[in-house]
Amino acid sequence: MRAIPRQKTRPAIFSYCSDPAILEGFQWLSCYLTTGKHMGFYLSFGTVLLLLAITAPLALAFGFFGASAARSRIAPLAIFGKGYIAIVRGVPDIAFFLFFVIALDQGIEWLRHKVKCSDWDEPIRQGNDFVVCQIAKMPLNDSPQWVHEAYGFSLAVLTFAIVFGAFAANVLFGAMRAVPRAQIETAEAYGMSPRQSFWRVLVPQMWVYALPGLSNLWMVLIKATPLLFLLGVEDIVYWARELGGSKTERFTDFPHGDWRMWYFLALLIFYLAFTKVSELVLARISRRLSKGQATLAGEAQRKEPGTAAEATT
Amino acid sequence: MSCFETLQAYAFRSLGYGERLLPRSDFTLCEQFVLIGSGLIWNVYFGVIAIVTGFFFANALAMAKNSPRRWLRSPANGFIFVFRGSPLFIQFFFAYFLFLSLKSVSPIFDPLSAAWLGALIVLFLNTSAYSAEIFYGALRSIPKGDIEAADAYGLSGWHRFRRVIWPTMMRLAWPAYTNEAIFLFHATTLVYFSGFPAWRQKGDALYYANYFADKTFNPFVPYPILAFYFILLTLVIIAVFGAINTRLNRHLPQERRTKVRFKPQMIR
């Protein structure tokens, strides 16, 4: 009999895990690594992948609009686009992450406040407080926990998309300028309007030029995911600190010393593996895209012995 | 408190001199400017020392990576891959907890778990890896003719390296290296957010900016101030590295000189 009854959050996966105190070696480790908290840790890897899956297309869209705006002939739009590209230069990005999360949160609440409580007469900024009416709170105070988490995550995604959208805008802006001028002139000679030549000639051709920059950006995006921790999302860094800290007999079935070093070593290896896999995939995409292109890479592929046979199969 | 008094009280607060207590209420613009500027001392400290020491190690690494000998090449490759392939944030965390566990082995390792040394070592290794990759790329793109000319003059070994290969390598690498320096200064803001404790609230610029943003719930003042300081810092770096670039290119006709172009910064 144990003196302190322990709370079980979840039935153990392996049957022999029912009494961890008598386990040793590999069995102990296998039980330890399958506790409910560790399942949360593994799920947080999913959070990271989900963030990447949502942020990448969103940032690309932001970047596309930014780059198109910067090319615009309407002056305010062009200034806005160029300003957006320039704004993340010269300032540490982590400052942007910390800034945008609060700024977006307050911006949303402020807008809701203006719409929903228009008869409110007190100022919103009272000294050091940011006060909005109850029904303007985002998320509402009485909403369930998952809404709070989802809201925090969406704010993080939006922040990532804004910052990386600026990087992507810069890459796409360069790619748009790299498309040979003769192509656009030909389109104009065929009587296409600026809009038509943009969508039908420029946009389809720019991707080859944008790919090196975009693959670089993808690598950077992967390496930026641990910053989620700073935005208050329970991500892998959060869990690694949580699980790695020393645990005493009192609070857990699996007491251990300070193992945070090993948890972060695991994260380091995870990121290295992720980078390596991405490198291989991107190299394949690049080969695929430059096939038959009139670029140096395409020419090298054509001359390579054996590729001609490969192409026919 | 007048602004001059604030300056006296907080100008070197990040080093532990002056007023011990941080302002707690009625934050003035002056206080925010002075404290964030005081924190910038740490960013400059980390950045300058890591860049200067990392420069030498990066040269050695680039040479090793270019070596025909396998036992030199593969460790250099591995080192560069590890530091370029993983986030600096995770490297900081790992290093901090590694240093913490070393601390229990022997008191010699005590200073390692403080930011001024521990974080500096991580930054040094990190910038060495990134710079080595830049130098290696430049080394590989030295025009063949330059080396042939050196051979024709009868230069070989150390002389050829010192007088032909190395200066050309530096010249080719310099624009990219300038950007690397800028990124490194920006990366120094991660230090106090990654485990390394800000002992007695002696932190860097972002630490204080975050302090004010947390206390006032108003991100619209401290972060633009931080941005202002960093844009200033970036301009200084560009000026210094640009001057070196002009010197490296002084033998070339104007239009063949490579210009330092500021590319958007990247997280690591």
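This is a predicted model: local features need pLDDT of at least 70, side-chain atom pairs count only at pLDDT 80 or more; totals for chains, interfaces and linings use all residues.
Residues are numbered from 1 along each chain as its sequence is written, while chains are lettered from A and ligands numbered from 1 in the order in which they are written.

**Exercise 1.** Work out how the axes of H2(B) and H3(B) are arranged.

Step 1. The axes of helix H2 (residues 29-66) and helix H3 (residues 70-85), both of chain B, come within 7 Å and cross at roughly 125°, where axes are lines fitted to C-alpha atoms, for helices over the stretch in contact, and angles run from 0 to 180 degrees between N-to-C directions.

Step 2. Angles under 35 degrees count as roughly parallel, over 145 as roughly antiparallel, 65 to 115 as roughly perpendicular and the rest as oblique; H2(B) and H3(B) are therefore oblique to each other.

**Exercise 2.** Describe the arrangement of H9(A) and H4(B), and say which residue classes make up their contact.

Step 1. Helix H9 (residues 260-290) of chain A and helix H4 (residues 88-103) of chain B have axes that come within 8 Å and cross at roughly 150°, which makes H9(A) roughly antiparallel to H4(B).

Step 2. By class, the contact of H9(A) with H4(B) has 11 nonpolar residues, one polar and one charged, with Ala, Val, Leu, Ile, Met, Phe, Trp, Tyr, Cys and Pro counted as nonpolar, Asp, Glu, Lys and Arg as charged, and the others, Gly among them, as polar.

Notes. Helices (H or I, at least four residues) and strands (E, at least two) are DSSP runs, numbered from the N terminus.
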